[in-house]
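Here is a short tour of one protein chain, written to be read with the viewer open. Please have the sequence at hand as well.

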Amino acid sequence: MLNFSDRLIESIKKKNSVLIAGIDTSIENIPDYFIKRFYDKEKSEIDNLKTILFEYNRRIIDAVEENVVGVKFQAAFFEQYSYHGFEVLHKLCEYAKNKKLVVIFDGKRNDISSSAKGYSNAYLGETPIFGKKIRFFEFDAITTNPYLGQDGIKPFIEDCERFKKGLFVLVKTSNPSSGDFQDLMVEDKYLFEVVAEKVYEWGKNCIGKEGYSDVGAVVGATQPEAGKRIREILPNSFLLVPGIGVQGGKVEDLKYFVDSNNMGIIVNSSRDIIYAYKNYVHSDFEKSSYLASKSIKESINAAIS
């Protein structure tokens, strides 16, 4: 099997896109007409939830697949519905994989080494059960929090190597208060620079045939100056860049995140795609999401070409 980074590059070239659609859907943001179409008064609220959440996101995936290289499932928007949400997530993961999309679990998981291993088993690798090993999810990559240091990251790295999966470590995030900790000075460096240096070390043994590491970084589009510095520290890593659009990140600033080959990034857009119907007049949500993803894809390509 090819390394994650090699599979990602293949998909980018095939789709001529670095766009990732973020699936961050809540029931209250699904159009009323769609809910009325699938709501069955003979079924329980939970059964209706599962049906509508799956059907809406399935149609979003169908609508945007031409324009995106993959999808990123934000765990919180499924965990809020307890195990019922995770049942839907499992089905959507399989659906997206069958579409040959890159599928990322955005759970920002981490803990002490034994607990981190459990997270990695669940989302990247295999879980031992009664002398056998079972794979529960088919995600291609996961996001992680580096706050616990190397022993909390090591299980993910080992599974990246073993199963050719990808890892995106939080380095500089797009939220307004990211600087509370990430911009603290450690000797003569920002803390996010120290973390980026660690990401470089962690990814040395996960290099694909195209020369890119399977261990990358999450760097918010709202942080172009930090992005420029992180790119210098991580010349051969992919950066997962959220935050364009609603969060305030500018497409034209993506030039600071790419590498010397105008590669090395995937760009996430969530609300501007999955709720595009709110911005398009006289258009159903599927057509709106298609048009939005096409427009964003073309804008990104123009900015980084």
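## Contacts along the chain

Among the contacts in the protein with a separation of 6 or more, 74% are accounted for by residues 24 or more positions apart. Keep in mind that this is a predicted model.

Glu 10 and Lys 72 are 62 residues apart along the chain, and their C-alpha atoms are separated by 18 Å. For Lys 91 and Phe 137, which are 46 residues apart along the chain, the C-alpha separation is 9.6 Å.

## Overall build

The protein contains 12 helices and 12 strands. Its radius of gyration is 19 Å, close to the 19 Å that the globule rule gives for 305 residues, so the protein is as compact as a globular protein of that length. If you are setting up a view, the C-alpha trace spans about 60 × 55 × 40 Å along its principal axes.

## Inside and outside

How much of the protein is made up of buried residues? The share is 55% of the 305 residues.

## A nonpolar surface patch

Which residues form a nonpolar patch on the surface? They are Ile 112, Tyr 147 and Leu 148, and together they have about 360 Å² of accessible area.

Tyr 147 is worth a click while you are there. You will find Tyr 147 in the loop between β6 (141-144) and α7 (150-163). Is Tyr 147 buried or exposed? Its relative accessibility is 74%, and because exposed means over 50%, Tyr 147 counts as exposed.

Finally, take a look at Asn 301, which lies in helix α12 (residues 285-304). Setting aside neighbours within four places in sequence, Asn 301 is in contact with Asn 16 and Ser 17.

Where does the side chain of Asn 301 meet Asn 16? A polar atom of the Asn 301 side chain lies 2.9 Å from the backbone oxygen of Asn 16.

Terms used: Residues numbered from 1 in each chain as written. Predicted model: local features only at pLDDT ≥ 70, side-chain atom pairs only at ≥ 80, totals over all residues. Heavy atoms only, no water. Patch = residues over 30% accessible without salt bridge, like charges linked within 9 Å, V, L, I, M, F, W, Y side chains within 5 Å. Areas by Shrake-Rupley, 256 points an atom, 1.4 Å probe, with all protein chains shown as cover. Salt bridge = Lys/Arg side-chain N within 4 Å of Asp/Glu carboxyl O. Helix = DSSP H or I, 4+ residues; strand = E, 2+ residues; numbered from the N terminus. Buried < 20%, exposed > 50% of the residue type's maximum accessible area, 1.4 Å probe, protein only. Rg over C-alpha atoms; globule rule 2.2 N^0.38 Å. Contact = heavy atoms within 4.5 Å. Polar contact = N/O pair within 3.5 Å; in protein donor to acceptor, adjacent residues only side chain to side chain.
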